[in-house]
Amino acid sequence: MTTFPIVQLFIGGALVDASSGEIFETRNPATGDHLAQVQHANVADVDRAVESATKGFQVWSAMTGAERGRILNRAAAILRERNDELARMEVLDTGKPISEAIAVDVLSGADCIEYFAGMAATLHGEHFDLGGSFAYTRREPLGVCAGIGAWNYPLQIACWKSAPALACGNAMVFKPAELTPLTAIKLAEIYREAGLPDGVFNVVQGDARTGEALTAHPDVAKVSLTGEVGTGKRVMAAAASTLKHVTLELGGKSPLVVFEDANLTNAVSAALLANFYTQGEVCSNGTRVFVHRSIHDEFVEALRVRTDALIIGDPLDPATHVGALISQAHMAKVLAYIDAGIAAGAVVVSGGGRASGNAILDAGCFVRPTIFDACTDDMAIVQEEIFGPVMTVLVFDDETEVVARANDTRFGLAAGVFTQNLSRGHRVAAQLEAGIVWINNYNLTPIEVPFGGVKQSGIGRENSHAAIEHYTQRKTVYVELGDVDAPY
Ligand code: TXE
């Protein structure tokens, strides 16, 4: 059984003890085993972290973009070197399969840091020739930024929030989700090893109380949250008291639309990935699968065969496809939705409950990948984010109808369109209310492209050059070369 030393805070370039004296625990969701005790940061600890970040910001923002970029590039390289170690740590803390963690979690974080490292030296303002006078803009950092993470991609989220912030010359205080505290501290140690000045990246541990202390802090200029919609609303409300910049990456209930001319094998592959990858604990998942009536039976049968064959079990086994949900409480929430779907009359095609039958499955938070057919738009399993391995299949007859139904939700994070008709693919993508639409694939998020939601799925974009706008401000400088022309 793997256990770790007590998890501290990381402030001012060093591991430090929290002053609160409060301790909480993180457990391995696949076994229920104790992983580590964690020190809970209180308001005084958050104040200490923000004060350290303020000092770090003075040093860091005085460096050139090229100097910042070189340090960030070194951090990306160290992350890649330590991929196996950090991926395994992420598996223990999240329950996700090692095959995913090795391929995605650490490396996508390294890609992000490398991408923004390259951008650091390219940030510039503009020049305006005003005929005798001129103006220019300065692209300036905001100061101390707060990052607040969710528990499904802990290290990736820490990288996706810190990389653009640091590349632009800001400092950051990051709070990982209380369910997954282990890897953000490792990122802080890697940044230090890469040469990041003390105080530029700090990590505080804790639950909503620690997050609220960050959001309320008067010296925090901006908050970037990844979390549920309700949390996003509370963070935005708290940030209003000091008019902080806010970017919110929230939940979703995204449509995945399969037209009658779709490549069926690809559409089935994408639907499986869009619902069962990371045990379905992915915000942008295409959990409302709309399939044209003419191909419904063939599509659902192909889904069933491939879902029944998925291997669910020990996340550290490279052969495992589906790991454990993050906690007993979350598993109970997902199982309650499955029961509600059955009670509402939806038909279970595959899965339909807790996975059991051997010591591993009985000890952990394992739910069988579940497909519901004969769903109707009004069902709770179709309306609400479940955040587990639960797919709902809905039938449609024509394009106008399916676009209207796909958009009939408060969410607007993502969508998928499967068709081999070029015009229809782009026509439907233009009409879907989502921050990102995949045509003939799903959930690919290369660092070069913006990621984020509309409607109640969020505000702002992560990754791509778009992120720079969220971590800098433009100052206009007007230079008068003549006299002031005053009418009085
Ligand atoms: O979210 P929570 P979770 C969403 C996903 C799902 C949720 C799961 O859709 O709904 O996140 O993650 C802190 N003030 N996304 O359960 O509970 C809390 O401590 C300040 C979307 O972690 O909202 C944690 O660190 N902070 C995403 C973080 O907020 C507060 C991808 C999130 O907690 C707080 C992944 C408060 N009042 C998951 N209350 C995307 N769109 O990319 C809680 N926190």
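## About the model

This is a predicted model, in which local features need pLDDT of at least 70, side-chain atom pairs count only at pLDDT 80 or more, and totals for chains, interfaces and linings use all residues. Residues are numbered from 1 along each chain as its sequence is written, and side-chain values use heavy atoms, with hydrogens and water left out.

## A three-stranded sheet

Three strands form an open sheet in the order β5-β6-β20. Their pairing is antiparallel. Strands (E, at least two residues) and helices (H or I, at least four) are DSSP runs, numbered from the N terminus. Two strands pair if DSSP finds at least two bridges between them.

The edges belong to β5 (127-129) and β20 (472-479). Each has a single partner strand, so one side of each lacks a neighbour in the sheet. From one strand to the next, the twist averages 20 degrees. Such angles run from 0 to 180 degrees between N-to-C directions, with axes as lines fitted to C-alpha atoms.

β5 and β6 (residues 134-141) are joined by three bridges.

## Salt bridges across the chain

The whole structure holds 27 salt bridges (a side-chain nitrogen of Lys or Arg within 4 Å of a carboxyl oxygen of Asp or Glu). Lysine 333 and glutamate 228 form one of them, at 3.6 Å from N to O. Lysine 333 sits in helix α11 (residues 328-343). Glutamate 228 sits in the loop between β10 (222-226) and α8 (229-240). The two are 105 residues apart.

Buried means under 20% relative accessible area, exposed over 50%, and partly exposed in between (1.4 Å probe, protein chains only). Lysine 333 is partly exposed at 31%. Glutamate 228 is partly exposed too, at 46%.

Arginine 424 forms a salt bridge with glutamate 260, with the closest N and O atoms 3.5 Å apart. Arginine 424 is in helix α15 (residues 422-431), while glutamate 260 is in the loop between β12 (255-258) and α9 (264-276). They are 164 residues apart. Arginine 424 is buried at 11%, whereas glutamate 260 is partly exposed at 36%.

Glutamate 399 meets arginine 427 in a salt bridge of 2.7 Å, N to O. Glutamate 399 lies in helix α14 (residues 399-407) and arginine 427 in helix α15, so the pair ties together parts 28 residues apart in sequence. Glutamate 399 is buried at 17%. Arginine 427 is partly exposed at 39%.

## A network

Salt bridges also link Glu126, Arg139, Glu469 and Arg474 in a network.
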